[in-house]
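Me: I would like to learn how to read the features of a protein model. Could we go through them one at a time?

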Amino acid sequence: MRNGKDPDMTTIQSSPPIALFERLEIETQSHCNRSCWFCPRIHDRSGVYLTDAGAPVLQKMPTSKVLEMLDQAAEMKFAGHVSFYFYSESLLDKRNLFFAREARARGMKPYLHTNGDVIKQNDGLRNAVREVYEYVVVGIYDYETERELESQKEFWRQRLDGCDLRFSTIGTGPPGSAPSMATPRALVPTDTRIRVPDLAYGNAPCHRPLIRLIVRYDGRMAMCCEDINADFDLGNVHESTLADLWYSPKHIEVVGDLMVGRREKHGLCQNCPLPPSTAPLDGKRILIEPRIYA
């Protein structure tokens, strides 16, 4: 069942109201084996990722629904990168490689973002990851010095030799103690380990929602990586197709607001720490203020 009328795909493909997403992010399960200080999920008590008592929620998206979404993306002529995580660890889902192969069979480019724990000592799984994934991003979060970071990078270069390997590096030490990609997040309190000032950019243009179509494990569409709670209420894949969701009037309106810097219309965006994605179209000065974490 879909919300409203079925989209006219011929019209959409010939004259799309917004560009097609570049990446498709389907979260196939809800769990992560880590509790990282910089991750919004550790502050959740809504029952989406953690219960009100802080216990992990363990849920999976039905296999049939994941495959259905891959089919729908193919119908939309999507041939970009696809991954199977949002705020969870991809490889905790034993179906992960199956989904990656199915994406590749549909002409898409699967990529993996992982903390690496599942494949550290599993040679067979690492070899399979090398074969099916376009590239692999390993998160390294347990170092305090540059030497420790380089040692861990070398560990993964050896374990995933021949793979297009990339790193997401966020250490545990104070700023300046070692290279780190730690940046503020909208729903994470200010922390002294963050490497840049925790600011909000009230009228800054943002094109990030155009890059990815994100579907949470429960089927709800998220606007961007900051929208962990699906606060924009953009719909659910159990009720609508990917085309319905991406080209919905509501999604198009929010994207339009953000492209011209109208962050003040949306609470999460108004206090978002992500900087401008481009210069203001009207030539106005970007408003920069300390971010407020409630």
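**Reading salt bridges, rings and a helix**

Reply: Start with glutamate 134, which is partly exposed at a relative accessible area of 35%. Keep in mind that the model is predicted.

Me: Why does glutamate 134 count as partly exposed?

Reply: The partly exposed class runs between the buried limit, under 20%, and the exposed limit, over 50%. Glutamate 134 has a relative accessible area of 35%, so it is placed in that class.

Me: Which residue meets the side chain of glutamate 134 in a salt bridge?

Reply: The partner is arginine 104, with 3.6 Å from N to O. Arginine 104 belongs to helix α3 (residues 96–105), while glutamate 134 is in the loop between α4 and β4 (135–140), so the pair ties together parts 30 residues apart in sequence. Arginine 104 is partly exposed, its relative accessible area being 35%.

Me: How many salt bridges does the whole structure hold?

Reply: A search finds 20 salt bridges. One of them is between aspartate 117 and arginine 34, where the closest N and O atoms are 2.8 Å apart. This pair links distant parts of the chain, 83 residues apart: aspartate 117 is in the loop between β3 (109–114) and α4 (123–132), and arginine 34 is in the loop between β1 and α2.

Me: Is arginine 34 buried or exposed?

Reply: Arginine 34 has a relative accessible area of 18%, so it counts as buried. Aspartate 117, at 26%, is partly exposed.

Me: What is arginine 34 in contact with, leaving aside its neighbours within four places in sequence?

Reply: The contacts of arginine 34 are Asn115, Asp117, Tyr141 and Asp142. The side chains of arginine 34 and aspartate 117 are also joined by a polar contact of 2.8 Å.

Me: How should I read a salt bridge inside a helix?

Reply: The general idea is that an α-helix has 3.6 residues a turn, so residues three or four places apart point the same way. In this structure, lysine 65 and glutamate 68 are three residues apart in helix α2, so about one helical turn separates them. Their side chains meet in a salt bridge of 3.1 Å, N to O. Lysine 65 counts as buried at 11% relative accessibility, whereas glutamate 68 counts as partly exposed at 35%.

Me: Which other residues of α2 are buried?

Reply: The buried residues of α2 are Lys65, Val66, Leu67, Met69, Leu70, Gln72 and Ala73. The elements that cover them include β1, β2 (81–83), α3, β7 and α6 (242–246).

Me: What span should the 13 residues of α2 have?

Reply: At 1.5 Å a residue, the helix should span 18 Å, and its end C-alpha atoms are 19 Å apart, so the two values agree. After α2 comes lysine 77, with a positive phi near 70 degrees.

Me: Where else is phi positive in a residue other than glycine?

Reply: One case is alanine 230, with phi near 50 degrees. Alanine 230 lies in the loop between β8 and α6, and at 1% relative accessibility it counts as buried. Aspartate 233 is not a glycine either, and has a positive phi of about 55 degrees. Aspartate 233 is placed in the loop between β8 and α6.

Me: How many aromatic pairs does the structure hold?

Reply: There are ten aromatic pairs. Among them, tyrosine 49 and tyrosine 217 are edge-to-face, 5.9 Å centre to centre, with 65 degrees between the planes. Tyrosine 49 is in the loop between β1 and α2, and tyrosine 217 is in the loop between β7 (212–215) and β8 (221–222), so the pair ties together parts 168 residues apart in sequence. Tyrosine 49 and tyrosine 217 are both buried.

Me: Which residues do ring pairs link into a cluster?

Reply: The cluster consists of Phe21, Phe78 and Trp246.

Me: Which ring does the charged end of arginine 193 sit over?

Reply: The ring is that of tryptophan 37, and the charged end is 4.2 Å from its centre. Arginine 166 also lies over a ring face, that of tyrosine 135, at 3.7 Å from the ring centre.

Definitions and conventions. Residues are numbered from 1 along each chain as its sequence is written. This is a predicted model: local features need pLDDT of at least 70, side-chain atom pairs count only at pLDDT 80 or more; totals for chains, interfaces and linings use all residues. Side-chain values use heavy atoms; hydrogens and water are left out. Buried means under 20% relative accessible area, exposed over 50%, partly exposed in between (1.4 Å probe, protein chains only). A polar contact is a pair of N or O atoms within 3.5 Å; within protein, one must be able to donate a hydrogen and the other to accept it, and residues adjacent in sequence count only if both atoms are side-chain atoms. Contact means heavy atoms within 4.5 Å. Rings of Phe, Tyr and Trp (its six-membered ring) pair if their centres lie within 6.5 Å; planes under 30 degrees apart count as stacked, over 60 as edge-to-face and the rest as tilted. Helices (H or I, at least four residues) and strands (E, at least two) are DSSP runs, numbered from the N terminus. A charge sits over a ring if NZ of Lys or CZ of Arg is within 6 Å of the ring centre and within 35 degrees of the ring normal. A salt bridge is a side-chain nitrogen of Lys or Arg within 4 Å of a carboxyl oxygen of Asp or Glu. The expected span of a helix is 1.5 Å times one less than its number of residues.
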